[in-house]
Amino acid sequence: MTQIPAPTIVIIDDSATNRQIYARLAHQLSPDITAHSFAHPQKALDWLAGDSADLIITDYKMPGMTGDELVRRVRAADPEIPIIVVTAYSDREFRVTSLEAGATDFLLSPVDHVEFATRARNLLKLRTQQRQIKQRADLLEHRLEVSLTANEQLLRESREALAQVIDTVPALISAADREGRCVFVNALLAASVGLVPADLVGKPVDLLFGAERATSHRRLDRRVLETGHPTPTREEEITTASGETRVYLTSKAPLRDSRGGTACVLTTSVDITDRRDAEKRLRHMATHDSLTGLANRDMLRDRIRRELARGRRGDQQFALHYVDLDRFKAINDAHGHHGGDEVLRQVAEALAAVAGDGVMVARIGGDEFVLLQPDITSPDEARRMADAVIAQLNQPDHVTGALTVGASVGITLSPRDGTEPDELLKNADQAMYSAKKNGGNASCFFAADMRPRARQIAQLEKELRGAIARQEFVLHYQPQIDLKRGIVFGAEALLRWQRPGHGLARPDQFLGLAEETGLIVPINEWVLREACRQAAAWEAAGLTDLHISINLSPIQFRRRNVLKAVATAIKAAGVTPALIDLELTEGILLGDTEDVVAQLHALQALGVTLSLDDFGTGYSSLSYVRNFPLDRLKIDRTFIQGLGSNQNDLAIARTVIDLGHILNLRVLAEGVETEAQLRLLQAEGCDEVQGFLFSTAVLPDQFVARFMQGPPVMAAPVPVEK
């Protein structure tokens with residue numbers, strides 16, 4: 001057998017410095033690697049026309065040709081060669097176009113050397129294995145052609161030789177027929193489940209993958225069998241027989257019979273655990289403070305956004321504690337930077353001990369820390385937390401001896417003091433300075449505009465109490481699209497307030513106050529009645545398959561009157577119950593589980609369907625969700641916005657889709673704003689979508705005119721609101 005030649009890497013970048021850096025990093029992978037560098041893409045293509053490469057590393061922005069055009073032209077000649085495209089953080093559109101052109105992976109500029117080495121090594125390993133498999137298969141095919149006149153024994157020996165060849169490849173390889181039975185399993189894969197290949201041939205693939213993973217694999221196999229095309233590579237975690245968790249890059253391709261039809265599906269998995277571990281380390285470095293190990297400002301902002309998403313419908317409120325050390329400068333001057341760093345580490349440990357489970361502690365500056373305290377029921381809880389922080393930081397430490405560091409704490413509450421991360425942090429900072437101005441070693445709530453704000457809230461409550469009687473509320477409807485059928489199958493009813501003198505008010509401007517005052521109950525009952533009335537009107541007009549989604553409040557569940565309210569609204573409207581979909585927040589499910597389950601079963605008995613809204617922003621998990629009688633999961637818009645640029649968001653969306661299908665639930669993605677997001681969701685098997693790509697929420701007559709008299713019409717993306 002011919003020896004596989006040493007790997008060849010082609011580097012394409014108009015920057016001489018970058019070419020030198022990438023070439024040096026390539027040679028560090030192995031002294032046998034040959035690196036060819038080109039400043040112009042066309043010269044690289046000319047070279048590739050007569051030579052072959054094992055890995056291409058190219059910049060996106062180059063004179064004369066963009067990275068996606070280069071990828072497309074390379075793919076026309078060689079569909080398998082790995083290609084890494086280097087882009088900047090802001091080049092989200094470029095990464096999407098490169099992915100569509102056929103790019104294998106991406107690196108962010110400036111390139112991290114550890115990440116470069118890990119990804120390049122993994123892709124070279126995959127390329128070498130592909131060439132080994134092809135070479136060995138070609139060799140065996142040649143032997144078979146030479147031996148066509150040999151007897152049946154020789155043919156059997158050749159097949160056995162092929163199996164032995166594949167057994168030497170360091171990858172998990174199997175093939176399954178149309179009935180989901182194993183027709184081939186290599187030795188490495190069989191050993192990973194504690195068996196030998198002969199024990200698995202003819203058996204269901206469940207023995208290889210386990211019940212839950214087998215469901216996903218069968219679904220992908222059906223796609224290959226139906227289309228005759230391979231699937232995109234995907235990452236999955238596999239637990240070995242020894243209990244170790246490994247991460248594999250898995251692909252599926254058709255195996256054809258003598259007539260050219262797809263007879264089986266070949267599954268190949270390559271171990272990329274080292275790459276994933278490196279990526280985890282990089283993510284940790286990007287989201288954590290290097291000195292204390294606490295969350296940094298970016299991670300804190302992300303957590304604040306998630307908490308704001310959870311509280312969008314008034315399910316909960318949270319507090320931010322902005323902690324500034326009162327005497328840190330004196331300690332730093334007296335004990336030096338090393339002593340100061342040790343004090344900061346001790347403060348981090350002390351704050352984590354005070355915070356306990358569920359409270360995030362972040363370091364956002366030199367001696368500035370922030371605690372995010374979720375799910376509080378009153379300002380007194382926030383006050384007690386701040387007092388505990390101050391008491392803890394007034395304990396002596398071994399670095400400064402008797403000297404205590406002390407702290408001033410500023411407190412903001414959401415949604416009362418703000419609905420944006422930077423706004424809340426700024427207000428907490430102002431409150432902290434107020435505490436420090438009054439002598440320090442104390443806490444202070446944000447109250448910069450307390451008097452005018454109190455008057456505004458009182459006026460808002462007064463107007464809100466009469467809004468129902470004055471018929472100032474109105475429902476707008478946002479279309480929901482069935483991706484497989486390509487039709488509008490439903491509409492989410494979204495509340496708006498035609499507030500006199502202020503125009504059309506969105507829910508986030510008044511529902512928080514409605515929750516506090518209890519007005520949310522009559523408001524939600526009006527929403528139920530009006531949505532059911534509209535559903536009945538559309539049903540009478542011939543739209544008999546149009547479902548309406550209605551959001552429910554946790555307060556209705558806590559007061560245990562939700563069943564009566566829903567039943568009364570359905571009966572009064574005369575609507576078919578199956579046309580009503582009730583959307584629940586995770587705050588509802590986190591209550592008294594037995595009582596909530598009983599209420600949900602009673603609602604389903606009416607004939608309505610149940611959806612879990614904003615899935616992923618709280619504490620939901622597979623084991624948690626399966627306890628409730630649900631019909632649909634809705635992926636929160638937070639995870640849809642990053643599709644195509646953020647691999648974490650794509651992984652989360654993929655996981656939610658797979659979990660939903662395992663539980664026989666339909667999966668709907670909220671907040672779809674671009675065609676690129678839509679294509680990725682379709683590729684991952686998402687069932688339904690809604691978002692501004694199709695339409696904002698509109699009045700009933702506009703809804704019928706735009707969406708019920710033809711196919712769904714995509715609209716240009718607009719700013720997010722709900």
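Arg-632 and Glu-688 form a salt bridge, with their closest N and O atoms 2.7 Å apart. The pair links distant parts of the chain, as Arg-632 is in strand β22 and Glu-688 is in strand β24 (residues 688–689), 56 residues apart. Both residues are buried. The model is a predicted one. Arg-632 and Glu-688 also belong to a network of salt bridges that includes Asp-482, Arg-485, Asp-581 and Arg-666. The count for the model comes to 44 salt bridges. Three of them are listed below.

| Salt bridge | N to O distance |
|---|---|
| Arg-632 and Glu-688 | 2.7 Å |
| Glu-583 and Lys-634 | 2.7 Å |
| Glu-463 and Arg-499 | 2.6 Å |

Glu-583, in strand β20 (residues 580–584), and Lys-634, in strand β22 (residues 632–635), are 51 residues apart. Glu-583 counts as buried because its relative accessibility is 1%, and Lys-634 counts as buried at 0%.

Glu-463 lies in helix α15 (residues 450–465) and Arg-499 in strand β17 (residues 487–499), so this bridge ties together parts that are 36 residues apart in sequence. Glu-463 is buried at 15% relative accessibility, and Arg-499 is buried at 15%.

Arg-363 is in strand β12 (residues 360–363) and counts as buried, with 15% relative accessibility. The side chain of Arg-363 makes a polar contact of 3.1 Å with that of Asp-289. A polar atom of the Arg-363 side chain also lies 3.1 Å from the backbone oxygen of Gly-365. Among the other residues that Arg-363 touches are Leu-291, Leu-344 and Phe-369.

Methods
Residues numbered from 1 in each chain as written. Predicted model: local features only at pLDDT ≥ 70, side-chain atom pairs only at ≥ 80, totals over all residues. Heavy atoms only, no water. Helix = DSSP H or I, 4+ residues; strand = E, 2+ residues; numbered from the N terminus. Buried < 20%, exposed > 50% of the residue type's maximum accessible area, 1.4 Å probe, protein only. Contact = heavy atoms within 4.5 Å. Polar contact = N/O pair within 3.5 Å; in protein donor to acceptor, adjacent residues only side chain to side chain. Salt bridge = Lys/Arg side-chain N within 4 Å of Asp/Glu carboxyl O. Lists of a residue's contacts leave out its neighbours within four places in sequence.
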